[in-house]
Amino acid sequence: MSNINRRKSIQVMVGSVPVGGDAPIVVQSMTNTDTADVEATYEQIKYLHEAGSELVRITVNNSEAAEAVPAIKEKLLSEGITVPIVGDFHYNGHKLLTKYPETAKALAKFRINPGNVGTKTRDENFCTIVEQAIKYDKPVRIGVNWGSLDQQLLADKMDANSKLENPKSSKQVMLDTMVESAKRSAELAESVGLGSDKIIISCKMSHVQDVVTVYERIAEIVDYPLHVGLTEAGMGMKGMVASSAALSVLLQQGIGDTIRVSLTPKPGGDRAEEVRVCQQVLQSLGIRNFVPQVTACPGCGRTNSTYFQELAEEIQDYLREMMPVWREVYPDVAEMNVAVMGCVVNGPGESRNANIGISLPGTFEEPKAPVYMDGEHHTTLRGDNIGQEFREILDNYVMEHYGTSKGEQVAVKD
Ligand code: SF4
């Protein structure tokens with residue numbers, strides 16, 4: 001695992017999940033269902049949790065959504081799913097949390113956006129939410145977002161800046177305001193009586209350099225845990241790469257106690273993608289292991305078959321599919337490295353360096369696939385059934401190397 005020195009932060013309990021302090025960096029996600037639809041929201045929370053989300057946030061935007069929250073929680077608990085549910089409030093959180101006490105009780109944390117709690121009665125509304133958090137012993141996330149930054153505070157900062165002899169750029173003033181908004185809001189929450197061990201901070205922006213700058217600054221001046229992520233990261237590869245870039249720079253400096261990747265899924269796309277990206281970032285940085293890693297070569301002119309790409313994908317999918325079971329019975333299996341390589345050039349070398357690896361034949365090579373275990377040649381596979389045979393060898397390897405008496409009882413999957 002990595003030698004990264006985590007920034008010291010106060011630990012906050014979100015339901016049963018510790019965030020900050022010496023707790024592992026927590027992966028979280030958010031549903032995109034209509035919260036008022038109890039069944040759909042329950043299903044998506046369950047799906048995200050099974051994918052590895054350790055906290056799941058839901059929007060609570062109106063009375064119907066607020067009324068649905070206790071039913072969603074009850075349904076999850078009836079299925080033995082205890083993942084903490086976080087309520088995302090904007091504009092009317094003070095009203096909803098006061099009117100629906102069962103909703104406040106069912107949630108494990110309230111997210112407050114200080115830019116979206118009202119204008120004239122901004123502080124009053126903010127304090128009402130904090131009072132509900134105190135009343136029900138819940139933590140809050142003060143989630144500043146540049147798309148909804150407190151406009152009055154920004155205007156005041158711009159005004160003060162314009163009077164300086166050497167004014168800063170408006171971008172710099174905006175970054176200052178993000179940090180200031182988070183800090184002031186946390187101070188206000190504490191002045192109402194919320195404990196410092198009940199506050200998590202985020203300051204999200206949508207450009208990598210901005211988010212890095214703002215988190216570096218906030219990390220220096222507060223010791224609350226930080227929820228890190230790029231807001232509106234975007235679709236597909238752009239969103240994944242931008243989020244990974246921002247998270248990597250910050251996590252490498254020890255900044256970040258819980259992370260979310262805000263991907264825009266394609267219509268009908270897989271919502272759990274954002275969970276897998278979070279896990280992959282943490283695993284790539286050597287911070288946490290979630291699933292055995294597959295090392296696969298990119299392929300080149302030495303192999304004109306797609307077989308090794310298909311096998312690499314099949315093995316990666318198989319590992320993910322097995323992890324919910326393996327995690328329980330083979331606790332260290334996520335550290336395993338599997339190589340699936342395309343030809344003799346780097347195949348045997350990478351396969352020897354993995355815990356278990358297979359080197360498939362390239363074009364014009366003899367049709368045989370040597371398998372290596374812990375650096376040694378184990379067997380050579382031939383014929384049309386190499387994929388199935390390799391999976392069986394893999395299953396046995398997992399059982400023998402990571403097994404416990406409980407694990408030995410897990411059936412090998414056909
Ligand atoms: S291992 Fe072989 S097929 Fe794969 S990239 Fe290297 S040379 Fe090409």
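Predicted model: local features only at pLDDT ≥ 70, side-chain atom pairs only at ≥ 80, totals over all residues.

Residues are numbered from 1 along each chain as its sequence is written, and side-chain values use heavy atoms, with hydrogens and water left out.

**Exercise 1. The whole chain**

Task: Find how many helices and strands the chain has, and what share of its residues count as buried.

Solution: 
- Step 1. Helices (H or I, at least four residues) and strands (E, at least two) are DSSP runs, numbered from the N terminus. The chain has 13 helices and 17 strands.
- Step 2. Buried means under 20% relative accessible area, exposed over 50%, and partly exposed in between, using a 1.4 Å probe and protein chains only. Of the 414 residues, 51% count as buried.
- Step 3. Along the principal axes, the C-alpha atoms fill a box of roughly 75 × 55 × 40 Å.
- Step 4. A contact means heavy atoms within 4.5 Å. Among the chain's contacts with a separation of 6 or more, 67% come from residues 24 or more positions apart.

**Exercise 2. The open sheet**

Task: Work out the strand order of the open sheet of 8 strands and say which strands stand at its edges.

Solution: 
- Step 1. Two strands pair if DSSP finds at least two bridges between them. The order is S8-S7-S6-S5-S4-S3-S11-S9, and the pairing is parallel.
- Step 2. S8 (199–204) and S9 (227–228) are the edge strands; each has a single partner strand, so one side of each has no neighbour in the sheet.
- Step 3. Now look at one pair: S3 (residues 26–30) and S4 (residues 55–59) are joined in the parallel sense by 3 bridges. Serine 29 has valine 56 in S4 as its bridge partner, and methionine 30 stands opposite arginine 57 in S4.
- Step 4. Of the 5 residues of S4, 4 are buried, which leaves this strand mostly covered.

**Exercise 3. An edge strand under cover**

Task: Decide whether S8 is enclosed or open to the outside.

Solution: 
- Step 1. In S8, 6 of the 6 residues are buried, so the rest of the structure largely encloses this strand.
- Step 2. In a regular strand the side chains alternate between the two faces of the sheet.
- Step 3. Check both faces of S8: Ile199, Ile201 and Cys203 are buried on one side, and Ile200, Ser202 and Lys204 are buried on the other.
- Step 4. S7 (residues 140–145) runs parallel to S8, with 6 bridges joining them. Across this pair, valine 144 stands opposite cysteine 203 in S8.

**Exercise 4. Positive phi values**

Task: Is tyrosine 91 buried or exposed, and where does it lie?

Solution: 
- Step 1. Tyrosine 91 lies in the loop between S5 and H3 (93–99).
- Step 2. With 58% relative accessibility, tyrosine 91 counts as exposed.
- Step 3. Its phi is near 70 degrees, a positive value in a residue other than glycine.
- Step 4. Aspartate 137, in the loop between H5 (122–135) and S7, has a positive phi too, near 55 degrees. At 54% relative accessibility, aspartate 137 counts as exposed.

**Exercise 5. Around the ligand**

Task: Which residues are around the ligand?

Solution: 
- Step 1. A residue is near a molecule or strand if one of its heavy atoms lies within 4 Å of it.
- Step 2. The residues around the ligand are Cys297, Pro298, Gly299, Cys300, Arg302, Thr303, Met341, Gly342, Cys343, Val345 and Asn346.
- Step 3. Ala, Val, Leu, Ile, Met, Phe, Trp, Tyr, Cys and Pro count as nonpolar, Asp, Glu, Lys and Arg as charged, and the others, Gly among them, as polar. Sorted this way, the shell has 6 nonpolar, 4 polar and 1 charged residues.
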